[in-house]
Amino acid sequence: MASKKFPHLVGSKWTAKQRTFGWRHFQVVNRKQQGKLVFAELVAACDDSVRFWVNASSLKDRQLWQAGWQPLNQMNVNPHDGPS
């Protein structure tokens with residue numbers, strides 16, 4: 001059996017470096033594989049109506065995401081920054 005990419009994805013927590021749909025803290029609630037690509041469904045920690053899918057590989061990009069729920073004051077970001 002082939003090894004599964006991102007085997008511990010569901011349940012993992014992430015902090016976005018930029019506000020995403022108004023939030024920064026997310027949890028993976030679902031995964032799906034399409035061919036060689038793996039996708040993660042993220043839900044905002046404070047608003048479960050905010051849900052979206054990302055390519056799971058993008059979670060490895062440290063300019064976009066940091067593993068775990070990180071305090072914003074330790075991430076060197078302005079908590080009020082958001083998309084223009």
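1. The sheet. In this predicted model, five strands make an open sheet in the order S4-S3-S2-S1-S5, with antiparallel pairing. Strands here are DSSP runs of E with at least two residues, numbered from the N terminus, and two strands pair if DSSP finds at least two bridges between them. Strands of a sheet pair through backbone hydrogen bonds, either parallel or antiparallel.

2. The edges. S4 and strand S5 (65-67) each have a single partner strand, so one side of each has no neighbour in the sheet. Neighbouring strands are turned by 35° against each other on average, direction ignored; the axes behind this angle are lines fitted to C-alpha atoms, and angles run from 0 to 180 degrees between N-to-C directions.

3. S2 and S3 are joined in the antiparallel sense over 8 bridges. Glutamine 34 has leucine 37, in S3, as its bridge partner.

4. The basis. The model is predicted, so local features need pLDDT of at least 70 and side-chain atom pairs count only at pLDDT 80 or more, while totals for chains, interfaces and linings use all residues. Residues are numbered from 1 along each chain as its sequence is written, and side-chain values use heavy atoms, with hydrogens and water left out.

5. Tryptophan 65. Neighbours within four places in sequence aside, tryptophan 65 is in contact (heavy atoms within 4.5 Å) with residues including Trp14, Phe26, Leu42, Phe52 and Leu59.

6. The salt bridge. The structure holds 1 salt bridge, meaning a side-chain nitrogen of Lys or Arg within 4 Å of a carboxyl oxygen of Asp or Glu. Glutamate 41 and arginine 51 form this bridge, with their closest N and O atoms 3.2 Å apart. Glutamate 41 lies in strand S3 and arginine 51 in strand S4, 10 residues apart. Glutamate 41 is buried at 11% relative accessible area, whereas arginine 51 is partly exposed at 46%. Buried means under 20%, exposed over 50%, and partly exposed in between (1.4 Å probe, protein chains only).

7. Arginine 31. This residue of strand S2 is buried yet has no salt bridge, and the nearest side chain of opposite charge, glutamate 41, is 12 Å away. Lys and Arg count as positive and Asp and Glu as negative; His and the chain ends are not counted.

Methods. Helices (H or I, at least four residues) and strands (E, at least two) are DSSP runs, numbered from the N terminus.
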